[in-house]
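Visitor: I would like to learn how to read side-chain features in a model. Can we take them one by one?

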Amino acid sequence: MVKSYLAINICPLCNSKRYQPIIRISNSSEKTDSQVTIQKCLRCSNAWTFPSPDYVDYKNEDFHQQSISVSSQLDIKTISDLPEEWQKSLKMQVSLIKRYLQPRAKILEIGCGEGILLSELAYLGFIVEGIEPSFNASLRAKNKGLKITNSLFPDYFPEQKFDLVILSHVLEHIQNPSRFLRTVSQLIPNGYLLLIQTNYQGLIPRLRTKDWYAWVPNEHYWHFTPFGLTFLVNKLNFRLIKCEYSSLVHTGKKNKLLQIIAKTIPQYLDQFHILFKLNN
Ligand SMILES: [Zn+2]
C-alpha cells in the first residue's frame, strides 16, 4: 500500500512530471542487497526515497539514544552533554524561539525524544508539552519532569491550542506530510511552526553522496529543502518567517574538512531550522 503511493511518474509533493534520480543507495534495513533511488523534483526541489520505506514501529525504536550512543555519551540530561554541533544547533533553535515568542508561550514538540530541547525551553519559562512515540525516550523525558504523552500524533491529539509546534526530524518519517501538517495547523491558530530538517543539498551530501549518513532510506520518505518545504506549506496557509542553517554531527577527516568549508556558505550546511507562521 505504501509503495503504491509513490509508484507514479510524478513528484508526490507537487505533481510535477519533471524529476530525476540523484543517487542509488543500499537499503541497510533489509537483509538482501536491495537498492533504493533518491529522486529529486526539478520543480519543488524536494526529494523522495523510491521505493518508499516499509512500516516502522517507532514505539519500540529509540533513535535519539542510538545517535547519542555514537558519541559515547549515554547520560544526556542537558544540551551541554551533547556533541558540539548538536549543541550549536539546539542553541540556535532556542534563540530563534526566544526572538518570536513571548515568555510563558505554550509550546508542543511532536517527536520530542528524551526532551532535551523541551527541558531547555521549560527552564526559560515557556510552558511546554511533548508527544513521543518511543516508549523508552518518552520515559526519559518524563523523568526530566516534563509533561509527555507516549503516543503517535495524531493518535493522541491535545485538546488545548499552542503558540508553537516543533517538529525536529519528524516530517521525513511521515507518508503524507501535507495531511500531517494540516492536522498540526489545527493546534496553532495564529501560531508558529518550527521544522528542523536535514539539507540534502548541503556540501557533505553533495560530495560524499552515498556516505552521508542522513539519507536513512529505510525510514525517510522525504528529503526536503527550505524552498521545497516553503512551497509545500504555503498551500496550507503558512508563511515563511525565518530559515537558518546548522551542521549535523560529523566524524572523520574528510567530513570535518568539508564541514569547515560549508560553514563559509550557510546554504552548504546539511541541516536547517525553518520557522513558519500560520495566517488565519
Ligand atoms: Zn515536486
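Guide: Start with a charge over a ring. This is a predicted model. The charged end of Lys277 sits over the ring of Tyr192. It lies 5.4 Å from the ring centre.

Visitor: Next, ring against ring. How many aromatic pairs does the count give?

Guide: Ring pairs are judged by the distance between centres, then by the angle between planes. The count here comes to eight aromatic pairs. One of them joins Tyr200 and Trp215, with centres 6.1 Å apart and planes at 45°. Stacked needs under 30 degrees and edge-to-face over 60, so this pair is tilted.

Visitor: Where in the chain do Tyr200 and Trp215 lie?

Guide: Tyr200 is in the loop between strand S8 (192-198) and helix H7 (203-208). Trp215 is in the loop between H7 and strand S9 (222-223). The two residues are 15 apart, and the pair links distant parts of the chain.

Visitor: Are Tyr200 and Trp215 buried or exposed?

Guide: The cut-off for buried is under 20% relative accessible area. Tyr200 has 5%, so it is buried. Trp215 has 3% and counts as buried too.

Visitor: How is the pair of Tyr245 and Phe272 arranged?

Guide: The ring centres of Tyr245 and Phe272 are 6.4 Å apart. Their planes meet at 55°, so this pair is tilted. Tyr245 belongs to strand S10 (residues 238-246), and Phe272 to strand S11 (residues 271-278). The pair therefore ties together parts 27 residues apart in sequence. Tyr245 and Phe272 are both buried.

Visitor: Which residues do ring pairs link into a cluster?

Guide: Phe153, Phe157 and Phe180 form such a cluster.

Visitor: Now the metal. Which residues coordinate the zinc ion?

Guide: The zinc ion is held by the SG atoms of Cys11, Cys14, Cys41 and Cys44, at 2.3 Å. In sequence, the spacing of these donor residues is C-x2-C-x26-C-x2-C. Cys11 and Cys14 are buried.

Visitor: Why is the arrangement around the zinc ion called tetrahedral?

Guide: Four donors are tetrahedral if all angles lie between 85 and 135 degrees. Around this zinc ion the angles run from 102 to 116°, so the arrangement qualifies.

Visitor: And cysteine pairs: how many disulfides are counted?

Guide: A disulfide is a covalent bond between the sulfur atoms of two cysteines. The count here is zero.

Visitor: Are Cys112 and Cys243 buried or partly exposed?

Guide: Cys112 is buried, at 4% relative accessible area. Cys243 is partly exposed, at 26%.

Note on methods:
Residues are numbered from 1 along each chain as its sequence is written. This is a predicted model: local features need pLDDT of at least 70, side-chain atom pairs count only at pLDDT 80 or more; totals for chains, interfaces and linings use all residues. Side-chain values use heavy atoms; hydrogens and water are left out. A disulfide is a pair of cysteine sulfur atoms within 2.5 Å. Buried means under 20% relative accessible area, exposed over 50%, partly exposed in between (1.4 Å probe, protein chains only). Donors are N, O and S atoms within 2.8 Å of the metal (3.2 Å for Na, K and Ca); water is not among the atoms, so sites may look incomplete. Four donors count as tetrahedral if all angles lie between 85 and 135 degrees; four count as square planar and six as octahedral if opposite donors are over 155 degrees apart and all others between 65 and 115; anything else is irregular. Rings of Phe, Tyr and Trp (its six-membered ring) pair if their centres lie within 6.5 Å; planes under 30 degrees apart count as stacked, over 60 as edge-to-face and the rest as tilted. Helices (H or I, at least four residues) and strands (E, at least two) are DSSP runs, numbered from the N terminus. A charge sits over a ring if NZ of Lys or CZ of Arg is within 6 Å of the ring centre and within 35 degrees of the ring normal.
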